[in-house]
Amino acid sequence: MSAAEPLLRVEGLQVHFPIKRGLFVDRTVGHVRAVDGVDLAIDRGTTYGLVGESGCGKSTLGRAVLRLVEPTAGKVVFDGTDVASLSGEPLRAVRRRMQMVFQDPLGSLDPRQNVESLLSEPLRAHGLGGGREGIAAKIRGLLDAVGLPSAALRRYPHEFSGGQRQRIGIARAISLEPDLLIADEPVSALDVSVQAQVVNLLEELQQRLDLTYLVIAHDLAVVRHISDVVGVMYLGSLVEQAPSDALYDEPLHPYTRSLMSAVPVPDPEVEERRERILLAGDLPSPANPPSGCRFHTRCPWRQETRCDTEAPPLRELAPGRWVSCHWAEDIRDGVLRPKSPEEVAATQGVSVRASGAVNPETDALVQGVDTPVERR
Amino acid sequence: MSIEALPAGEAARADGPVLQVDDLSVTFTRRGEAPTRAVDGVSFAVDAGETVGLVGESGCGKSVTSLAVMGLLPRRGVRVGGSVRFGGVELVGAPDRTLRDLRGADMAMVFQDPLSSLNPVVPIGTQVTEVLLEHRDVSRGEAADEATRLLDRVGIPDPGRRLKEYPHQLSGGMRQRALIAMALACSPRLLIADEPTTALDVTIQAQILELLRELVVDTGTALVMITHDLGVVAGLCDRVHVMYAGRIIESADRHDLFARPRHPYTGGLLASVPRLDGARGAPLTPIRGSARDTIPWAEGCAFAPRCDHAQDDCLTEVSGSTVPLEHDGPARELRCRHPLRRPPSATGATASGAAR
């Protein structure tokens, strides 16, 4: 295995969920294409940030990498082995090296297990840690690493604040000394002042333990802060992938541009000057995605030709900068001007419908998959 | 446009602020437990056409404040003190009838979670027209036409069809729009929006914020925006009140507040959010501890246990008095004895490494 080989390579990954209908016989009437042909590679020791709105398939992608959901097609190559074809003991062995931090820290911790039991379970399950004393020492080290007092051992998840719970979740994930950590919305359920603590902790652990991260989030500012490479997903496929700085300095895909212009900046001066690109309508249904470029129904830069009919491939515009847009060069050079959302809505007529319009069941299925947990 | 300007008579009445909250306090009592004071001496005013932001983290009392203003808190186990005057009418202790007449007609609220604030078994159209039939002298047909216009105004495509649909058939952004349409139905003079965009995606959030912004400009509605997102505040609010542990700790105009945060908590909040336009890799400086690490205001500044500027006299037993909310320059108020110096140091308010 050469050093240049990425730790994780995903090739043509697809996850389709069948839509069943019928009283006695479950007929499959269609598929929700949650992930539809994604390629990505993550180098050792780096952080790959995956952003997109709810329902774009980013969480499903993360789960498919761990095989928590079965991929429909495609390969997930982790350190040279194809995870998608493994089963039984080899899969368990690979999973030890890939761990996950979940979004909702309370929902992902068993309320009836105390912290000691929560943290020792993965060690015992994988036969690691070396006996009772070994495990006890190891757990103490883990708590120390995530900044919790050792008095926490005898306590239960409900006794902790949100930030502390997320620390427990992180401690559990790193207890097996994984190579890859998949963090699905690690901070979106936390208060603003606590988010920064967890982000800093993740960064510190990455340096100390030489971890590789796949961070899935809807918050572009957080992703920008911690990622080396960022991929933007829309309706199941990557529309843009670029080094973090390059992407934020000059987003090339129309969707990335509008996404970034929608993020409010905590500075009134910037807010007043900032260019805002409002998108028309809602995310279309992934059960019945638009033809051609999937973004064409909402795209302010849509052209009469190609956009509606021809799916744009992900192509490399500059070193490391992948974009799937037919007109990326013209948009970058300012040849094409954006249209207002009203114009886009008018040209698209009824097709700017919410996902729920066509198929409420699908909508329910898609929504709530990774919508942010409410903060109150 | 379906939302008409204020009738002349009402506009004349609204000389003073639309909403005047004075020394509002809310105490929850439960048998066998010490009472919890969720809101403690909160005062603010909102003028017509003005947007006021209440900012704070979970548990700081911002939502309870809004519920108390609307008179939506249950009577049992809750004690509301102080005064809330809406266009000269005292709302605290007002009979249910008065409140019912005002709510929906003159003051309205948009809640955070649109799915649980809409009735799932009633079509959207019925829910929107209900407000109109209740408060205005219109026939069913007129109300339905007005509802169509309202949905159209808030940007719901094909409103005629949508009126017959149920909440689950609408996407999250549309539900929030429908909720806003209901709130706007009777052209209220005051709109309270409690985290209206927290459950939404950023592109949808941008659409909703734009809608609220237009609304304030076009109709002169007074808007109270409750949020934890400083970015939303920066783009929308004229005046900002930062709350912590049930009290307002800093009030300032938007530009002033973001340019020169004075309270260490405000400074800490600003330093702990990553900015999209900032330099990458710039370290975040979180506030240590969590919102649980507070002390009662009677014993001193509630933020003192998490504050890096805290000194001994932040505690009541040392200084002999609780920390007051004081005048701090033009149009600014501050509740702190050791505020940040101007301009704030680049490292922010609190030390990094917060893992304690």
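User: A residue is buried if 20 or more other C-beta atoms lie within 10 Å of its own, exposed if 12 or fewer, and partly exposed in between, with C-beta atoms placed from the backbone; what percentage of the residues in chain B is buried?

Analyst: This is a predicted model, in which local features need pLDDT of at least 70 and side-chain atom pairs count only at pLDDT 80 or more, while totals for chains, interfaces and linings use all residues. Residues are numbered from 1 along each chain as its sequence is written, and chains are lettered from A and ligands numbered from 1 in the order in which they are written. Of the 356 residues in chain B, the buried ones make up 51%.

User: What is the radius of gyration of chain B?

Analyst: Chain B holds 13 helices and 12 strands, where helices (H or I, at least four residues) and strands (E, at least two) are DSSP runs numbered from the N terminus. Its C-alpha atoms fill a box of roughly 65 × 50 × 45 Å along the principal axes. The globule rule (2.2 Å times the number of residues to the power 0.38, with the radius taken over C-alpha atoms) gives 21 Å for 356 residues, and chain B is as compact as a globular protein of that length because its own radius of gyration is close to this, at 21 Å.

User: Which helices are included in what covers the buried residues of helix 5 of chain B?

Analyst: Helix 5 of chain B, residues 124-135, has 12 residues and reaches 18 Å from its first C-alpha to its last, close to the expected 16 Å, which is 1.5 Å times one less than its number of residues. Its buried residues are B:Ile124, B:Gly125, B:Gln127, B:Val128, B:Thr129, B:Val131 and B:Leu132. What covers them includes three elements of chain B, namely helix 6 (140-153), helix 7 (159-162) and helix 8 (172-184).

User: Which element gives the largest share of the side of chain B that touches chain A?

Analyst: Two residues are in contact if their C-beta atoms, placed from the backbone, lie within 7 Å, and 53 residues of chain B are in contact with 55 residues of chain A. The elements giving two or more residues to this side are helix 8, helix 9, helix 10 (230-236), helix 11 (254-259) and helix 12 (264-272) of chain B. The largest share, 6 residues, comes from helix 9 of chain B.

User: Is B:Glu195 buried or exposed?

Analyst: B:Glu195 is found in the loop between strand 7 (190-194) and helix 9 (202-219) of chain B, and its phi is positive, about 45°, although it is not a glycine. Because B:Glu195 has 23 C-beta neighbours inside 10 Å, it counts as buried.

User: How does A:Arg306 count, by its C-beta neighbours?

Analyst: A:Arg306 is likewise a residue other than glycine with a positive phi, near 65°, and is found in the loop between helix 10 (268-273) and strand 11 (315-318) of chain A. Because A:Arg306 has 15 C-beta neighbours inside 10 Å, it counts as partly exposed.

User: How many Å apart are B:Glu333 and B:Arg262, C-alpha to C-alpha?

Analyst: B:Glu333 is found in strand 12 (residues 333-334) of chain B and is partly exposed, with 19 other C-beta atoms within 10 Å. Leaving aside neighbours within four places in sequence, its contacts include B:Glu250, B:Ser251 and B:Leu325. B:Glu333 and B:Arg262 are 71 residues apart in sequence, and their distance in space is 9.5 Å.

User: In the open sheet of 4 strands of chain A, which residue in strand 5 stands opposite A:Val77?

Analyst: These strands follow the order 2-1-4-5 with antiparallel pairing, and the edge strands are strand 2 (27-42) and strand 5 (81-82) of chain A. Strand 4 (residues 73-78) and strand 5 of chain A pair in the antiparallel sense over 2 bridges.

Conventions:
Two strands pair if DSSP finds at least two bridges between them.
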